[in-house]
Amino acid sequence: MKWEELQTSDNIEDRRGEPGGGMFGGPSGGGGGGIGLGTIVVLGIIGWALGINPSLLIGGADMLSRMGGGRQVEQEERPRDTTRPTDQMGQFVSKVLGSNEQVWSQVLPEQKGVAFRAPRLVLFDGVTNSRCGAAQSAMGPFYCPVDQKIYLDTSFFRDMKQRFGGGGDFAYAYVISHEMGHHIENLLGVLPKVQRAQARAGSRAEANALSVRVELMADCLAGVWANNGNARSRFLEEGDIERAVASAQAIGDDRLQRAQGGRVVPDSFTHGSSAQRTEWLLRGLKSGRIDDCNTFNR
C-alpha cells in the first residue's frame, strides 16, 4: 500500500508514553457493560489455539456487548490536544485516518445527505480511558459511540504481523477503516437503533444476530473507503486486497469456533462467518456505495 502521500489527519490523540498508560479517573464502574473475565479467558484460549493475538477477538465483542446491554459509561475526561505523531507507525495511522476523512467528507453527504463529522483516534499503550469504560490493548481496536473516538494500541499491528498471517499495510488500514465504519454507522443512526433493538431482544441469539449485521456493515464500509480512496489516490498495490481478505477470513466466527471445539453454532456468532466477512468487505470494495452495505435489508 502506497500510503506516504495520503492526507494527514489532525484528529489524533497520542497518549502513548503517558504515566499510568494513559489512564485518568480510574477504570469504569460496574454499570459499564462489556465482556467479563470468563469471556476474555475463553477468547484468549481460542487465540492461543489459532496463534492469534486475543486482542483481535476481544475488542469487537466488548464494544458490541456494551451496546447490546443498553448501557453506556459516562466518564469525565480532561481536555486533550491533538498531535501529529512523528514515528512511522503513528504517521501511517494518521495517513489512513486522513484518507478516511477525505473520502467520507465527500461520500457521506453525496450518497446519504448526511454531514460528516470526523472522529478522533486515540493512540495508547496498554491501557487508557474512554467514555465507554477502560480501553485495554487486550481488547483490540474499538470505537466508542459515546465520545465518538477510535481507540488503538499500535502494538496490535506488531502482533498482527508476527502472529496473524503477516499482516501488511492494507490489512492494518482495513482494521482502522472498519472502526471508522462504526463511526459512519453512528452518524447514520444505525448504532443507536441497534442498541435499542438489542435491549428489546427476546434472546441472546437475536441480539447476536444484530451484532453480526453491525460488524458486517462496518466491513463493507471499510471497502467503500478503499474503493473511493483508491480512485482518488491510487494507493493499492498487488497483494493488498488478498492480505485484507485473509485478515477478515481468519477472524470469522465459524473458524474460531472450529478451532475451539469443532462445532459451529451460528446463533452465537457476533461478527459473522469467514465467508460473510469476506463477502461484505469485497462488496464495498467493488461498488464504493453505502447503500450496498445495508446488512439490515438482507
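Guide: Happy to; below we go through the chain as a whole, its sheet, a hairpin, a helix pair and a few single residues.

Visitor: What kind of model is it?

Guide: The model is predicted.

Visitor: How many helices and strands does the protein chain have?

Guide: The secondary structure comes to 10 helices and six strands.

Visitor: And what share of the residues is buried?

Guide: Buried residues make up 55% of the 298 residues in the protein chain. The chain exposes about 12,700 Å², and carbon and sulfur atoms supply 47% of that area. On contacts, if you take those between residues at least 6 apart in sequence, 78% join residues at least 24 apart.

Visitor: On to the sheet. What is the strand order?

Guide: The order is S1-S2-S6-S5, an open sheet of four strands with mixed pairing. S1 (12-14) and S5 stand at the edges with a single partner strand each, so one side of each has no neighbour in the sheet. On average, neighbouring strands are turned by 25° against each other, direction ignored.

Visitor: Which way do the pairs run, parallel or antiparallel?

Guide: S1 and S2 run parallel and are joined by three bridges. S2 (residues 120-124) and S6 also pair in the parallel sense, over five bridges. S5 and S6 pair in the antiparallel sense, over three bridges.

Visitor: Is S6 buried or exposed?

Guide: S6 is mostly covered, with five of its five residues buried. Lys149, Tyr151 and Asp153 are on one side, Ile150 and Leu152 are on the other, and both faces are covered.

Visitor: What happens between S5 and S6?

Guide: They form a hairpin with four residues between them. Gln148 lies in that loop, which runs between S5 (142-144) and S6 (149-153). Gln148 has a positive phi of about 55° although it is not a glycine.

Visitor: Where else does a positive phi turn up?

Guide: Arg234 is one place to look, with phi near 55° in a residue other than glycine. Arg234 lies in the loop between H7 and helix H8 (240-250).

Visitor: What about S3 and S4?

Guide: They form a hairpin with two residues between them. S3 (residues 127-130) and S4 (residues 133-136) run antiparallel and are joined by four bridges. Asn129 stands opposite Ala134 in S4.

Visitor: Switching to helices: how do H7 and H10 meet?

Guide: The axes of H7 (residues 204-233) and H10 (residues 274-287) come within 6 Å and cross at roughly 35°. The crossing is right-handed. The residues of this contact divide into eight nonpolar, five polar and five charged. The H7 side includes Val212, Leu216 and Asp219, and the H10 side includes Arg277, Trp280 and Leu281.

Visitor: Last topic, helix H3. Is Glu101 buried or exposed?

Guide: Glu101 counts as buried, because its relative accessibility is 9%. Glu101 lies in H3 (residues 88-112). Leaving aside neighbours within four places in sequence, Glu101 is in contact with Gln7, Ser9, Asn11, Phe116, Ala118 and Pro119.

Visitor: And Val107, what does it touch?

Guide: With neighbours within four places in sequence left aside, Val107 is in contact with Lys112, Val224, Asn228 and Ile290.

Visitor: How far is Val107 from Trp225?

Guide: They are 118 residues apart in sequence and 8.8 Å apart in space, C-alpha to C-alpha.

Methods
Residues are numbered from 1 along each chain as its sequence is written. This is a predicted model: local features need pLDDT of at least 70, side-chain atom pairs count only at pLDDT 80 or more; totals for chains, interfaces and linings use all residues. Side-chain values use heavy atoms; hydrogens and water are left out. Axes are lines fitted to C-alpha atoms, for helices over the stretch in contact, and angles run from 0 to 180 degrees between N-to-C directions. A crossing is left-handed if the near helix is turned anticlockwise from the far one by less than a right angle, and right-handed if clockwise. Contact means heavy atoms within 4.5 Å. Ala, Val, Leu, Ile, Met, Phe, Trp, Tyr, Cys and Pro count as nonpolar, Asp, Glu, Lys and Arg as charged, and the others, Gly among them, as polar. Two strands pair if DSSP finds at least two bridges between them. Buried means under 20% relative accessible area, exposed over 50%, partly exposed in between (1.4 Å probe, protein chains only). Accessible areas come from the Shrake-Rupley method with a 1.4 Å probe; for residues, only the protein chains shown count as cover.
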